[in-house]
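Subject: The structure, and some notes on it

Hi there,

Here is the structure I promised to pass on. Please have a look at it first, and then read my notes below.

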Amino acid sequence: MTYGLELDRYIDAPADVVWDVLTDIGRSPTTLSGVTGVEILTPGTYREGFRWRETRRMLGKEATEEMWVAAVDAPGSTTVKAASGGTDYTTRFTLTPAAEGTQLRLSFGAEAQNPGWKHRLAMALFGKLGMHAARKAINQDLYDIAAAAEARREASHE
């Protein structure tokens with residue numbers, strides 16, 4: 001079973017500024033309103049193989065997931081992965097210069113690995129609710145990324 005969605009947002013800041021916000025994982029709790037904590041597991045900078053634990057509030061509860069960078073093509077795209085409860089999650093960010101700013105596209109997918117009948121039933125019953133919650137959280141993340149990138153762009157012009 002696979003679920004997915006794509007969302008776009010225009011950000012009034014150059015791609016390199018958006019990239020810096022997007023890949024500054026240590027600052028995620030101050031940038032992304034849904035993230036309450038981050039534990040960096042891989043020393044160094046954002047790159048393929050970089051890992052962290054992210055604690056996020058969704059549906060009124062906190063959950064911590066280990067995430068890792070699966071691919072990087074700076075500053076054009078990056079893919080982040082996570083696995084939890086028999087489901088693999090993939091998030092791909094694509095940055096495209098547009099007008100004076102950047103078009104940021106986020107593609108999110110969830111794929112259950114070897115789902116049994118109970119998992120398939122739960123996904124049939126709650127999959128839409130989960131994707132609605134994911135869409136809401138992703139929209140908020142895009143808003144937060146835009147706000148941080150636009151603030152950095154303004155600060156650099158002062």
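Predicted model: local features only at pLDDT ≥ 70, side-chain atom pairs only at ≥ 80, totals over all residues.

Residues are numbered from 1 along each chain as its sequence is written, and side-chain values use heavy atoms, with hydrogens and water left out.

**Salt bridges**

Side chains of opposite charge can pair when their charged atoms come close. The search of the whole structure came up with eleven salt bridges (a side-chain nitrogen of Lys or Arg within 4 Å of a carboxyl oxygen of Asp or Glu).

One of them joins Arg105 and Asp8, with 2.9 Å between the closest N and O atoms. Arg105 sits in strand 7 (residues 101–112) and Asp8 in strand 1 (residues 2–11), so this pair ties together parts that are 97 residues apart in sequence. Helices (H or I, at least four residues) and strands (E, at least two) are DSSP runs, numbered from the N terminus. Arg105 is partly exposed, at 35% relative accessibility, and Asp8 is also partly exposed, at 38%. For these labels, buried means under 20% relative accessible area, exposed means over 50%, and partly exposed is in between (1.4 Å probe, protein chains only).

Another salt bridge links Arg57 and Glu62, at 3.9 Å from N to O. Arg57 is partly exposed, with a relative accessible area of 44%, and Glu62 is partly exposed at 46%.

Glu154 and Arg153 form a salt bridge as well, with their closest N and O atoms 2.0 Å apart. Here Glu154 is partly exposed at 40% relative accessibility, whereas Arg153 is buried at 13%.

There is also a network of salt bridges, which links Glu39, Arg51, Arg53 and Glu66.

**Helix 1**

Helix 1 (residues 15–22) has six of its eight residues buried, so it is largely enclosed by the rest of the structure. The buried ones are Ala15, Val17, Val18, Trp19, Val21 and Leu22.

**The second largest pocket**

The second largest pocket holds about 190 Å³ of space. On a 1 Å grid over the protein atoms alone, a pocket is an open set of points where a 1.4 Å probe fits, with protein on both sides within 12 Å along at least five of seven lines; lining residues have an atom within 4 Å of a point. Grid points are joined across faces, edges and corners, and the volume is the space filled by probe spheres set on the points.

Strand 3 (51–58) and helix 3 (117–157) each supply at least two lining residues, and helix 3 gives the most, with five. Among the lining residues are Ser33, Gly34, Arg57, Lys136 and Asp141. Arg57 is the residue that also pairs with Glu62 in a salt bridge.

**Some single residues**

Thr42 lies in the loop between strand 2 (35–40) and strand 3, and is buried with a relative accessible area of 14%. Leaving aside neighbours within four places in sequence, Thr42 is in contact (heavy atoms within 4.5 Å) with Arg47, Gly49, Phe50 and Arg51. The side chain of Thr42 reaches the backbone nitrogen of Arg51 at 2.9 Å.

Met67, in strand 4, is buried at 16%. Not counting residues up to four places away in sequence, Met67 touches Phe50, Arg51, Trp52, Glu54, Val80, Lys81 and Ala82.

Two backbone details are worth a look in the viewer. The peptide bond from Ala74 to Pro75 is cis, with omega near -10 degrees, and Pro75 belongs to the loop between strand 4 (61–73) and strand 5 (77–84). Ala99 has a positive phi of about 55 degrees although it is not a glycine. Ala99 is found in the loop between strand 6 (87–98) and strand 7, and is exposed at 78% relative accessibility.

Best wishes

Definitions and conventions. Polar contact = N/O pair within 3.5 Å; in protein donor to acceptor, adjacent residues only side chain to side chain.
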